[in-house]
Amino acid sequence: MSSCLFILDELLEPLISKNTKPVRNLPDIIKSFKESWTPTSPPIITVSNWHYVYVKRDALWFVAAIHYMDEKCMNLMMILFYLDQLYYLLKNYFKKELLTKLLIIDNALLVTELMDESIDFGIIQMTDPSIIRDYIRVKINNSIATGNNSNDDSDDSDTESASSKKNAKSLGSYMPSANNLTNLWKGYSTKDETLNENVNNDNFENNDDETYINSHIARTTTMAVSWRTKGIYYAKNEFFLDVVESVQYLMNFKDKVIRRNLIHGQIKCKSYLSGMPTLRIALNKILQDDKQFLGHAKFHQCVSLNSINIKDLEKDLEGPNDISNKNFVNKKEIEFIPPDGEFVLCQYELRRHVKDPPVINMTSFDIKPNFKKFRVQISLKIETHFKRQNSTSLMTIKIPLLQLFNDYKIDLSKQPRFKSDVGKVLFNISEDFLIWEIDALKGGHGENEKGMVAEFFLFNQEEYDRLQEEAKISMNPPPLRNGPKLEELYEEMHENEDAEDTALKMKTQYVFMQFEIPYSTCSGLKVEYLKIEEDLLKYQSFPWVRYKTLNDDEYAFIV
Amino acid sequence: MSDQRIFTRYRASEIGVDLQNSESKKLKNNVLGRKTALRKIIANLTLGNVNEMSYLLPEILKYWQIEDDYEVKRICHEYIRKLGPSKPKNVQEALPYILNDLKSKNQKLQILSLKTLVVVPSPEFFNEAFEFVSQTLNRLSTVKDELTKEAIYCISVLDEADHDRVLPLIDTLMDIIENESKEPSFIVAALNVVCIISERNTNMSNMTVRVDIAIDILEMLPTLNEWEKAFVMECFTGKVVPQTHMESTNIIQLVIPQLQHGNTSVALNTLRFIFYLLNYVEFTTEELSIKLSSSIIALLNKPPELEFLILRNIILLLLSRENSILNLDVSYFFVEYNDPIYIKDTKLECLYLLANEVTLPLILEELEQYATDIHIQMSRKAIRAIGNLAVKLNKESADKCVECLLDLLEFGVDYVIQETISVFRNILRKYPDRYRNNIDILVNCIDYIQESEAKNAMIWILTNYSDSMHNCLEIFKVFSSNIKDETLEVQFSILNSSIKFLMRYGTKESESICMEVLKCCTEEIDNPDLRSRAYMYWRLLTLLQTKDNHMTNETVLDIIDGDLPVIELNTKLDPLILQELELNIGSIASIYLKPVSQIFRLNRPKLLISSPVLNPDHDSLKIIKSNSTYDEFGNESKNLDNQRMDRRSHEMVSTNSTMNAIMEDYDKPAETINQLKGNMKSSSTRQSRLSRKPSQLLRRLTKKNHSNELIIHFLSGNGCLMFFHI
């Protein structure tokens with residue numbers, strides 16, 4: 001597969017390099033990548049006998065270099081997906097939202113070990129975080145600790161020892177990588193401990209159990225269920241299942257053309273179950289044989305995909321007139337042995353019908369100038385289309401003003417006025433938009449309509465001249481003004497703006513919406529039942545199921 | 001505990017001091033100090049400070065001996081791995097330590113040492129590794145653990161070093177594959193290694209997997225880890241040869257669920273496997289085609305890098321399956337404003353390929369939007385695509401495209417206009433008379449034109465439609481008067497056109513222009529090509545004036561102003577190439593749409609292995625409705641015999657038709673410009689069709705001003721995606 005792997009920082013300098021085959025001169029290889037990369041390059045570049053495959057995540061670059069003689073037509077998809085998964089693996093292992101350069105540098109050895117574990121001789125082995133986490137138990141070196149010794153000088157032997165003292169101290173405060181698991185390992189049968197004598201040579205007593213390795217794990221990777229180790233034990237057996245759907249919706253409001261109306265769904269699970277449980281989940285979509293769902297859903301590796309497709313197989317073999325089919329209809333469920341900890345069970349993408357109203361719909365958007373009164377009004381109305389008993393837990397609407405400020409001469413010395421049926425309206429002066437914060441909005445089917453109006457004053461030349469004139473003649477000092485001087489602020493913010501830049505932004509004026517609706521799924525997906533069976537332990541278990549509908553990054557109306 | 005200080009360049013002596021210091025201190029602290037120093041070494045090796053760090057080998061060896069800590073061991077191994085490939089002699093001393101680790105009881109350490117052994121390219125290391133691997137394989141029947149698996153995978157690397165020595169081990173591996181009693185992951189490992197080896201060594205006979213074994217392995221799929229599944233699918237493609245229709249449909253049924261796997265590479269490999277198997281079926285069901293299509297669409301919802309690869313493969317599939325099994329909705333390929341550029345490009349190509357009479361209005365609407373995009377490159381490509389669609393599709397569709405282009409002209413931005421004019425030339429080549437009325441509009445835009453390509457196009461249009469314009473010579477003068485400042489291409493065009501005008505009209509005005517141009521080309525401009533062409537024309541004209549030759553006006557006119565062949569866009573690739581590309585879905589070949597032999601020269605091309613059910617022609621694959629019952633199947637199969645006959649006759653026809661194809665030069669690299677001589681559509685190119693045929697997908701035909709000269713470009717701007725030199 002791939003001969004060498006690299007992790008680069010944003011300047012394309014290597015942080016980690018790794019060769020799985022006899023490859024000379026790794027630094028030179030990556031140098032030529034740096035030289036040939038351009039911002040428009042596709043994720044595969046070929047330069048003088050080397051193919052570079054890269055994935056960019058969080059300002060880090062994950063690069064695999066393959067010599068053209070190495071592999072006939074190496075499977076790019078595997079490499080790309082591996083790099084992608086490596087990123088998730090690291091993120092998951094470090095328990096961080098973002099991977100940073102510092103984190104990688106501090107844990108360089110750990111990263112190479114993780115790579116070592118996930119790829120053997122260039123052949124990808126496994127990337128499942130939950131299993132690797134059990135396999136490699138090295139302390140994560142959090143960069144918080146770096147503050148401690150950054151001022152030390154390494155040449156001086158006295159400070160050296162001092163810094164190591166500090167280090168030793170700060171070690172105690174390190175977050176254990178798998179908090180909840182730690183205790184469980186301790187409780188786990190001591191018999192196995194004798195088997196794995198050697199790995200346990202840890203220097204820090206306080207972290208002894210951290211590096212303890214379940215002897216089953218070494219064998220897990222060669223066993224049938226490779227994603228779950230034997231001998232997991234929890235005092236309370238819980239299983240959390242979250243159905244999260246994010247709605248992507250893009251409509252051109254002017255000509256009422258819906259450009260996008262999609263649902264991206266995920267079923268996320270957290271499993272804290274003992275032993276080797278088998279779970280059965282029935283989804284209404286699968287029971288109803290929803291063609292679209294079945295076609296567009298992708299499942300985690302633990303799911304035995306045959307269980308979902310039983311009926312299809314039977315039908316093909318025996319023909320439709322068979323009575324036994326009815327039994328199979330009921331049997332269509334997702335059957336799986338879950339990996340330990342967090343994982344994404346299923347991902348799906350559904351298209352909504354064009355006529356299905358969006359979850360939150362914008363019914364009107366107007367800019368009404370009133371030149372007589374020197375005012376301009378922006379009004380916006382929205383309505384909801386989801387179950388009445390639900391309501392949003394978070395709801396904000398971003399209304400662009402750039403167009404308005406360009407088309408009209410707005411006088412900000414007079415305070416703009418905002419009015420809304422619910423929530424409050426905020427004015428972001430630096431980036432030219434209004435934010436309408438609603439938070440809780442009740443559901444409904446079109447009848448729950450809410451609106452807001454914002455009023456800006458237009459520049460009144462006559463009045464301005466008159467006031468200037470008066471100020472000149474009058475002996476009185478100019479009237480005092482309360483509140484912020486918006487016009488000055490605005491000037492300040494916008495003085496450095498590029499005219500072309502604004503022209504670019506003007507082309508795309510979006511009303512963005514952000515919302516979160518708990519307890520409902522936009523697609524109507526429902527978990528009919530969730531059965532947890534563990535034949536040996538027969539414990540009581542607690543399944544939890546939650547639903548949530550979110551906006552996608554792209555939930556907007558082009559105005 | 002560490003920080004960025006570790007990640008700076010050090011001298012060997014500095015680290016040496018660090019290490020010595022850590023020794024003298026009390027036990028508790030020196031461990032950390034030493035580790036920090038060791039880490040510095042690794043960081044320096046990553047930074048490329050290899051020479052300096054190689055001095056530290058003795059230190060490393062010292063700690064190797066005395067340290068039991070796993071982390072220190074790891075650092076030592078890492079050191080050897082980084083240093084070994086470039087200085088195999090230096091690390092020789094470390095061999096006993098590595099072997100010591102290899103013999104230890106700790107499996108993790110053993111694996112670590114095996115990996116290190118393999119990385120150093122020296123015979124001693126190789127011998128040890130080989131010895132160890134063969135030992136492990138020998139006790140395979142008793143011991144089954146992680147180490148054994150590693151040993152199996154290790155063979156693939158050993159093979160690179162010494163193929164002949166590894167050969168006997170392959171029999172053992174084949175044993176593992178065929179003997180089902182072993183654990184699934186071993187079988188996959190063995191299968192994988194055998195595949196890799198057999199594909200790397202072209203002298204080995206082609207490896208195939210028996211169908212029954214394949215089915216056995218596929219039945220264990222649910223017990224395999226995700227990557228193992230992906231490898232199984234990969235290995236089987238091209239290796240399992242079903243002998244009957246039933247066999248292949250059975251296998252397809254077995255693997256279909258894997259299309260829904262969350263791991264993209266499993267899904268894509270499965271897709272490829274199914275497409276491969278579809279070569280060995282007599283008919284397929286509509287249900288399958290729906291499943292395939294929807295799983296492809298579902299794959300698109302991925303991070304951009306992965307999406308890019310999927311899109312490239314969709315292009316490939318669209319090219320190879322003309323009566324496509326795939327039924328993709330165009331709207332999935334609409335460009336989004338936040339797509340990276342490479343995705344936008346690729347989506348554009350997909351849209352182009354998906355366009356047909358039905359989808360055209362929708363696609364045109366989109367393309368028109370992109371054409372007015374803020375991004376200039378994107379906008380140009382969109383216009384180019386519209387133009388190409390006009391040439392590719394039928395007359396009615398061309399009308400729509402032209403209408404759209406004329407709308408764009410009114411948009412009034414210079415690059416849009418220039419691009420539109422360049423594109424219009426191709427449309428006029430295809431339909432010389434259909435859009436005669438619109439020429440005026442084009443000519444009116446002459447003031448916007450600055451780029452040489454647009455100028456070329458404009459000059460060509462002026463020349464070809466001069467009869468419908470009263471003042472064409474006047475306009476032409478604008479160009480001819482500053483011939484000196486133009487680029488070479490435009491200079492050629494001006495020269496050609498001036499001669500054409502002279503020959504057509506023979507007026508004073510045209511003569512003076514022509515003479516001026518000829519003079520300028522021969523005397524003032526230094527380019528030898530231009531000069532010799534000008535001389536050629538000059539002689540031709542002189543010949544005409546001498547009385548005693550057989551040249552008539554007509555013959556000369558025929559030479560320089562002959563009828564041009566009608567252009568056609570041919571998006572078809574050679575079937576053999578397509579077959580090979582289809583076997584390489586998801587590989588690098590699919591990115592460049594070039595056969596593997598061009599990217600990796602030493603590899604043998606993958607070809608379909610023949611079998612009684614092999615169906616070489618994709619177009620004749622019959623898709624039956626899913627609701628057909630068993631009885632219909634019977635009828636179906638009767639029909640199929642006829643079908644097969646049809647197919648054969650169809651083949652005959654198709655070979656004939658390729659003989660008559662207008663463009664036969666598509667097997668030459670696009671950059672070595674093809675000179676397509678009018679009637680020389682020879683079949684001589686067929687001989688080399690296996691070896692080198694780049695995609696002529698989205699190839700844009702540009703008629704260079706002179707007759708019978710075609711230059712072939714690619715739609716994708718800089719062309720970086722479409723063709724590549726190794």
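**Entry 1: charges over rings**

B:Lys392 lies over the face of B:Tyr352, and I get 4.8 Å to the ring centre. I'm working with a predicted model here, so each value below is computed from that model. Next I looked across the two chains. The charged end of A:Arg351 sits over the ring of B:Tyr332, at 3.9 Å from the ring centre.

**Entry 2: aromatic pairs**

I then ran the ring-pair search. I picked A:Phe239 and A:Phe336 to look at: their ring centres are 6.4 Å apart and their planes stand at 50°, so I log the pair as tilted. The pair ties together parts 97 residues apart in sequence, because A:Phe239 lies in strand E8 (residues 237-252) of chain A and A:Phe336 in strand E12 (residues 334-336) of chain A.

A:Phe515 belongs to strand E21 (residues 510-518) of chain A and A:Tyr555 to strand E23 (residues 541-558) of chain A, which puts the partners 40 residues apart. I checked burial again: A:Phe515 and A:Tyr555 are both buried.

I also noted a cluster in chain A. A:Phe33, A:Trp37, A:Tyr52, A:Tyr54 and A:Trp61 form one aromatic cluster.

**Entry 3: the five-stranded sheet of chain A**

I moved on to an open sheet of five strands in chain A, ordered E2-E1-E5-E4-E3 with antiparallel pairing. Strand E2 (14-19) and strand E3 (44-47) of chain A stand at the edges with a single partner strand each, so one side of each is left without a neighbour in the sheet. I get an average twist of 20° from one strand to the next.

I looked at one strand pair in detail. E3(A) pairs with strand E4 (residues 50-57) of chain A in the antiparallel sense, over four bridges. Which residue of E4(A) is the bridge partner of A:Ile45? I find A:Tyr52, which I had already listed in the aromatic cluster.

Helix H2 (residues 76-94) of chain A packs on this sheet, touching strand E1 (4-8), E3, E4 and strand E5 (60-67) of chain A. The direction of H2 makes about 35° with that of E4(A).

**Entry 4: the four-stranded sheet of chain A**

I looked up another open sheet in chain A, with four strands in the order E14-E15-E20-E17 and antiparallel pairing. Strand E14 (360-370) and strand E17 (417-420) of chain A are the edge strands, each pairing on one side only. The twist averages 15° between one strand and the next. E14(A) is joined to strand E15 (residues 375-391) of chain A by 10 bridges, and the two run antiparallel. For A:Met362 I find A:Ile382 as the bridge partner in E15(A).

**Entry 5: salt bridges**

The count over all chains is 31 salt bridges. I opened a few of them.

A:Glu437 and A:Lys424 meet in one, at 4.0 Å from N to O. A:Glu437 is in strand E19 (residues 433-437) of chain A and A:Lys424 in strand E18 (residues 424-428) of chain A, 13 residues apart. Both ends are partly exposed: A:Glu437 has 25% relative accessible area, and A:Lys424 has 47%.

A:Glu516 and A:Lys548 pair at 3.8 Å, N to O. This takes me back to E21 and E23 of chain A, where A:Glu516 and A:Lys548 lie, 32 residues apart. A:Glu516 is partly exposed at 23%, as is A:Lys548 at 29%.

In chain B I opened B:Glu486 with B:Lys455, at 2.9 Å from N to O. B:Glu486 is in the loop between helix H25 (472-481) and helix H26 (488-505) of chain B, while B:Lys455 is in helix H24 (residues 452-464) of chain B, 31 residues apart. Here B:Glu486 counts as buried, with 12% relative accessibility, and B:Lys455 is buried at 14%.

I also traced a salt-bridge network in chain B, linking B:Arg380, B:Arg384, B:Glu419, B:Arg425, B:Glu451 and B:Glu453.

**Entry 6: one serine**

Last, I looked up B:Ser294, which sits in helix H16 (residues 286-299) of chain B. B:Ser294 is buried, at 12% relative accessible area. What does B:Ser294 touch, not counting residues up to four places away in sequence? I find A:Gly295 and A:His296.

Conventions. Residues are numbered from 1 along each chain as its sequence is written. Chains are lettered from A and ligands numbered from 1 in the order in which they are written. This is a predicted model: local features need pLDDT of at least 70, side-chain atom pairs count only at pLDDT 80 or more; totals for chains, interfaces and linings use all residues. Side-chain values use heavy atoms; hydrogens and water are left out. Rings of Phe, Tyr and Trp (its six-membered ring) pair if their centres lie within 6.5 Å; planes under 30 degrees apart count as stacked, over 60 as edge-to-face and the rest as tilted. Buried means under 20% relative accessible area, exposed over 50%, partly exposed in between (1.4 Å probe, protein chains only). A charge sits over a ring if NZ of Lys or CZ of Arg is within 6 Å of the ring centre and within 35 degrees of the ring normal. Contact means heavy atoms within 4.5 Å. Two strands pair if DSSP finds at least two bridges between them. Axes are lines fitted to C-alpha atoms, for helices over the stretch in contact, and angles run from 0 to 180 degrees between N-to-C directions. A salt bridge is a side-chain nitrogen of Lys or Arg within 4 Å of a carboxyl oxygen of Asp or Glu.
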